[in-house]
Amino acid sequence: MNSFNKNPKIIYNNIKKLLIESVNDRNHTFHTPVFSNITKENKIQSRVVVLRKFDEKELKLNFHTDYRSPKIRDLLINNKSYFLFYDFKLKLQLRIETISKVNNNNKISKKAWTKTSLNSRKCYLTSKSPSSKTKIPEDGISEHLIGISPTLEESENGFINFAVVENKIVSIDWLYLKYSGHRRMKIKFKSKKPTYNWIIP
């Protein structure tokens, strides 16, 4: 986006284009957004996740995680969440409000699991849960898997720990930064139909 376009529909189509491109391009700046949620202690937690899927029709952003992680526990209590995307070259920021749904040991997680590489599956073979304490610096992976991928058969043991978090888009806060004047727009969705409102940056 080298120049500012005043047409909200064109801006929204550009947002969707960037999200679609970012899923499969690991070098895309939107490939690893910041995901935030509220803990059961009513605190905000943020971390970088890998965007695994953008469903343009259903307006969903998906990422994968370990079902044993604290954020899963928190999302099952409070499913309100946020994504933050930023591209320093485009000078573009997206804050996307979402409602999260956790999928574990079901058809959705199974479909994603079949497409997950062996090296990625290894992450779910840890004997210790994410965020659990350890006496030494380690990742929890068995020593015999250090530096190598598990076999397909061995990797299947990690499926029980594998979760797909689907995040239904509620609104998009679009911010375009430019020295001649910043521009900001709020896109809200009702029955999947977007409504556009210009707001002060």
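Residues are numbered from 1 along each chain as its sequence is written, and side-chain values use heavy atoms, with hydrogens and water left out. Because the model is predicted, local features need pLDDT of at least 70 and side-chain atom pairs count only at pLDDT 80 or more, whereas totals for chains, interfaces and linings use all residues.

Helices (H or I, at least four residues) and strands (E, at least two) are taken as DSSP runs numbered from the N terminus, and two strands are said to pair if DSSP finds at least two bridges between them. On this basis, β1 (residues 34-38) and β2 (residues 44-48) pair in the antiparallel sense over 5 bridges. Within this pairing, Val34 has Val48 of β2 as its bridge partner, and Ile38 stands opposite Ile44. The hairpin has 5 residues between the strands, and Asn42 takes a positive phi near 65° in it. Strand β1 is also joined by 4 bridges to β5 (residues 80-87), the two running antiparallel, with Tyr82 as the bridge partner of Ser36.

In helix α2 (70-77), Lys71, Ile72, Asp74 and Leu75 are buried (under 20% relative accessible area, with exposed meaning over 50% and partly exposed in between, for a 1.4 Å probe and protein chains only). Seen down the helix axis, these buried residues fall within an arc of 165°, so they line one face of α2; the arc is that of the directions from the helix axis to the C-beta atoms. On the other side of α2, Leu76 and Ile77 are exposed. Contact is defined by heavy atoms within 4.5 Å, and the elements covering the buried residues of α2 include β1, β2, β4, β5, β6 and β7.

In helix α3 (residues 107-114), the residues Ser109, Ala112 and Trp113 are buried. They fall within an arc of 105° when seen down the axis of α3, so they line one face of the helix, while the face turned away from the buried side carries the exposed residues Lys107, Lys111 and Thr114. The cover over the buried residues of α3 includes β4 (60-66), β6 (92-104), α4 (118-121), α5 (152-155) and β7 (162-176). At the N-terminal end, α3 is capped by Asn106, a side-chain oxygen of which lies 3.2 Å from the backbone nitrogen of Ile108.

The largest nonpolar core has 32 residues, and those with the most contacts inside it are Leu19, Leu61, Phe85, Ile96 and Ile172; such a core is a set of buried Ala, Val, Leu, Ile, Met, Phe, Trp, Tyr and Cys residues joined through side-chain atoms within 4.5 Å. At least two residues of this core are supplied by each of α1 (8-24), β4, α2, β5, β6, β7 and β8 (183-190). Apart from it lies another core, of 6 residues, among them Tyr124, Phe159, Phe162 and Val164.

The structure holds 13 aromatic pairs, in which rings of Phe, Tyr and Trp (its six-membered ring) have centres within 6.5 Å, planes under 30 degrees apart counting as stacked, over 60 as edge-to-face and the rest as tilted. Phe63 and Phe83 form an edge-to-face pair, 6.3 Å centre to centre with 70° between the planes, which links β4 to β5 across 20 residues. Phe63 is buried, with a relative accessible area of 0%, and Phe83 counts as buried at 1%. Trp174 and Trp198 likewise form an edge-to-face pair, 6.2 Å centre to centre with 70° between the planes.

Note on methods
A polar contact is a pair of N or O atoms within 3.5 Å; within protein, one must be able to donate a hydrogen and the other to accept it, and residues adjacent in sequence count only if both atoms are side-chain atoms.
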